[in-house]
Amino acid sequence: MVMSLRVSELQVLLGYAGRNKHGRKHELLTKALHLLKAGCSPAVQMKIKELYRRRFPQKIMTPADLSIPSVHSSSMPATLSPSTIPQLGYDGHPATSPLLPVSLLGPKHELELPHLTSALHPVHPDIKLQKLPFYDLLDELIKPTSLASDNSQRFRETCFAFALTPQQVQQISSSMDISGTKCDFTVQVQLRFCLSETSCPQEDHFPPNLCVKVNAKPCSLPGYLPPTKNGVEPKRPSRPINITSLVRLSTTVPNTIVVSWTAEIGRNYSMAVYLVKQLSSTVLLQRLRAKGIRNPDHSRALIKEKLTADPDSEIATTSLRVSLLCPV
């Protein structure tokens, strides 16, 4: 219930309880949750109900709405139901999707904001993404999840959220490199998109007109490639998106990802979020040497196949040098 309150309402609540009411929303939210966990007076509980009724006048209150389960609880209490899950608004908009507090998240602190999906498109399809050669997978923050929306419009939008564990926060923070002009991380949070196909490991594939916001901040996507044929719409090179710089390195405040895209008939997409470690050139060279040397004939055949089989392949003929001298 407390997590659904806006900044002004949280300030009223904290001021009523005699607590410091200054700070950003996630700071005010943390103070309010600590107030509940420490055991607040009946008067403060009545104030919470009053603020909640003002925002959601049609909702009937239950005692379970005020319950805050223990952080160390290994299972979700039986009294928790979808109607008692608190809600959290993002980017200043009213909350329309339930969001669990961090204390109720699973072992990997993963959270997906529910959205309507049909029986043909499972929420978590059995999708495997292709392994990235330049990264080692450390953890799965959000497993492959179908992109679905609660509207039938062509342009759709949905929201996901996840929280980091203390170990994950430590891994990211300790990998920070500020030697250059910008701050880089060798341990990264990567966002990946692919087609919802389970027949084989999927390569990265962006939905049309993709737009991503992480914690209400726009996420930069790869630029469009020039079309190879006339009349063909330009495409973005589909590859993992590094969102580490936009992620809150906190164990108490969840991170939200808002994805908008254009729906395609006959094509469905999924997204996933991973914690990965970027490999250095030394490690890559060691692994290449450990694999041995491939036969040159095999490499030539592979290049010929790439050039002839797929016109949109990553390998393309850009120039052809021909001698005009007589060969005789």
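I began with helix H4 and looked up what its buried residues pack against, and I found strand E2 (135–146), strand E4 (176–177), strand E5 (184–185), E6 and strand E11 (269–278). I note at the outset that this is a predicted model.

Which residues of H4 are buried? I found that Gln168, Val169 and Ile172 are buried in this helix. They cover an arc of only 100° around the axis, so I place them on the same side of H4. When I turned to the other side of H4, I found Pro166, Gln167, Gln170 and Ser174 exposed there.

I then took up glutamine 168 by itself, which is found in helix H4 (residues 166–174). Its relative accessibility is 2%, and because buried means under 20%, I count glutamine 168 as buried. Setting aside its neighbours within four places in sequence, I listed the contacts of glutamine 168 as Asp139, Leu141, Ala163 and Leu275.

My next entry concerns aromatic rings, for which the count comes to 1 aromatic pair. Why is this pair, phenylalanine 193 and phenylalanine 206, called edge-to-face? The ring centres are 6.1 Å apart and the planes stand at 85°, so the pair is edge-to-face, given that planes over 60 degrees apart fall in that class. The pair links distant parts of the chain, since phenylalanine 193 is in strand E6 (residues 187–195) and phenylalanine 206 is in the loop between E6 and strand E7 (211–214), 13 residues apart. I also checked whether these two are covered, and I found phenylalanine 193 buried with a relative accessible area of 0%, while phenylalanine 206 is buried with a relative accessible area of 7%.

Another ring that I looked up is that of tyrosine 224, and I found the charged end of arginine 236 sitting over this ring, 4.3 Å from its centre.

Last, I went to the loop between E7 and strand E8 (217–218), where asparagine 215 is found, and where alanine 216 also has its place. For asparagine 215 phi is near 55°, a positive value in a residue other than glycine, and for alanine 216 phi is near 70°, again a positive value in a residue other than glycine.

Terms used
Residues numbered from 1 in each chain as written. Predicted model: local features only at pLDDT ≥ 70, side-chain atom pairs only at ≥ 80, totals over all residues. Heavy atoms only, no water. Phe/Tyr/Trp six-rings, centres within 6.5 Å; stacked < 30°, edge-to-face > 60°. Helix = DSSP H or I, 4+ residues; strand = E, 2+ residues; numbered from the N terminus. Buried < 20%, exposed > 50% of the residue type's maximum accessible area, 1.4 Å probe, protein only. Lys NZ or Arg CZ within 6 Å of the ring centre and 35° of its normal. Contact = heavy atoms within 4.5 Å. Arc of directions from axis to C-beta.
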